Amino acid sequence: MSQVNPPYRADVVGSFLRPKELLDARHAFQAGKLDRASLTALEDRLIKDLVEKEVKNGLKAVTDGEFRRSFWHLDFLAGLSGLHHVKAEHWSVHFEGFQPKAETVVIEDRIRFPKDHPFLEAYDRLKAIAGDTPIKYTIPSPSMLHLICAVRCETYKPIPFYAEHPDALFDDLAQTWTDAMLALYERGCRYLQFDDTSWGEFCSVEKRGAYAARGIDVDWVAKRYVEVINKILANKPADLTVTMHICRGNFRSTWFSSGGYEPVADILFSHCNVDGFFLEYDSDRSGSFEPLRFIKNQTVVLGLITSKFPELEDKDAVKARIEEATKYVPLNQLCLSPQCGFSSTEEGNIMTEEEQWAKVRLVREIADEVWGDQ
């Protein structure tokens, strides 16, 4: 029987390389040379073309490639009430190579999910394009808002209400993402993913040490993040799948943290009630499969195919890694995907669109050979 519920045996994280036509149009819009209606019409046309390619290349659920976004996370965060989107002197983390354009968000008031958040219209437009084809929709995890504003930022000062009521910030995060999840569900979303780099940072011995030197108890923060996510998931409809993608940075084929999952495995895998984890495992920076011993009944999507470089992985080597992972998680709880998206920011990783689709087809072919028609 074919696998019905996500994550799928052959899956993707979500973002795809932006066509040059789209990049040029977005630059023209930012320069005031193209109006919003014209940009939206172009986005619709290119997303329709993308959806057709996703189906053609064997994906069961389609995304909009994050074509309407500049960043995988900031566009969503900037649309929340209580936040201000600002330019910054430097990016909030250091990538090993190219650096993203410096932007961030700051908390100016209590955080809320507005009923006119632009991601709702973006979902509606994707649904109109996809028709009966299942959709996967991605938003940043609530952890990212707290991490960017209250952990990475060394000059963070809470607004008076959050200073007086420290727990209220976490409560507002939970309510904001609950409202976002349910608003998307009402529009038909049945496969939602929280993208999260906080856990990648918390895996890093170097970054944990740097946070400890600033007086930050990373394990305490991590436990609060799990509590927030579980509060959100307590309101999840039964027919909605929510997964988490854990990333160590993905910009122009670079990265910003390293380290296996052991430091976070018990806190996260044993206690977080998501339906599945998309885990990076495309390089030695991700460590061994041993931390997967903490997985309960969640699906684990092994990111064994890199989205950073165009060279295709050896099928037999990937199959051997999947077999190795079964020492800790049963094969029927495993799936396969690229380790991250192909374009976490609009600039994209360093490969061609055809090389991108070759990676997707490789995932599909290996999944078919390992799991058959499951």
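Helix 1 is followed by Gly32, and the phi of Gly32 is positive, near 80°. I note here that the model is a predicted one.

**Helix 1**

I then went through helix 1, which spans residues 20-30. Leu22, Ala25 and Arg26 are buried there. They lie on the same side of helix 1, because the arc they cover around the axis is only 100°. I looked for what these buried residues pack against and found helix 2 (36-56).

**Second largest pocket**

Arg26 came up again when I turned to the pockets. The second largest pocket holds about 600 Å³ of space. I listed 24 residues in its lining. Those nearest the centre of this pocket are Arg26, Arg36, Arg68, Asp75 and Pro118. Which elements supply at least two residues each to this lining? I noted helix 1, helix 2, strand 1 (81-87) and helix 4 (118-130). Helix 4 gives the most, with 5 residues.

**Cavities**

Rolling a probe the size of a water molecule over the atoms shows where empty space is left. The structure has 2 cavities of 30 Å³ or more. For the second largest cavity I have a volume of about 30 Å³. Its lining includes Gly14, Arg69 and Lys136, and also the run Thr63, Asp64, Gly65 and Glu66. Tyr137 and Thr138 line this cavity too.

**Ala222**

Is Ala222 buried or exposed? I place Ala222 in helix 10, residues 218-233. Its relative accessible area is 2%, under the 20% cut-off, and therefore I count Ala222 as buried. Leaving aside residues up to four places away in sequence, I find Ala222 touching Trp199, Phe202 and Ile267. I also looked up the pair Ala222 and Leu268. These two are 46 residues apart in sequence, and their C-alpha atoms are 7.9 Å apart in space.

**Strands 7 and 8**

My last entry concerns two strands. In which sense do strand 7 and strand 8 pair? Strand 7 (residues 299-305) pairs with strand 8 in the parallel sense, over 5 bridges. I found Leu334 of strand 8 opposite Val300. With helix 12 (residues 315-325), the two strands make a β-α-β unit, which I record as right-handed.

Terms used: Residues are numbered from 1 along each chain as its sequence is written. This is a predicted model: local features need pLDDT of at least 70, side-chain atom pairs count only at pLDDT 80 or more; totals for chains, interfaces and linings use all residues. Side-chain values use heavy atoms; hydrogens and water are left out. Helices (H or I, at least four residues) and strands (E, at least two) are DSSP runs, numbered from the N terminus. Buried means under 20% relative accessible area, exposed over 50%, partly exposed in between (1.4 Å probe, protein chains only). Contact means heavy atoms within 4.5 Å. The arc is that of the directions from the helix axis to the C-beta atoms. Two strands pair if DSSP finds at least two bridges between them. A crossover is right-handed if, with the strands pointing away from the viewer, the path from the first strand over the helix to the second runs clockwise. On a 1 Å grid over the protein atoms alone, a cavity is a set of points where a 1.4 Å probe fits but cannot get out, and a pocket is an open set with protein on both sides within 12 Å along at least five of seven lines; lining residues have an atom within 4 Å of a point. Grid points are joined across faces, edges and corners, and a volume is the space filled by probe spheres set on the points.
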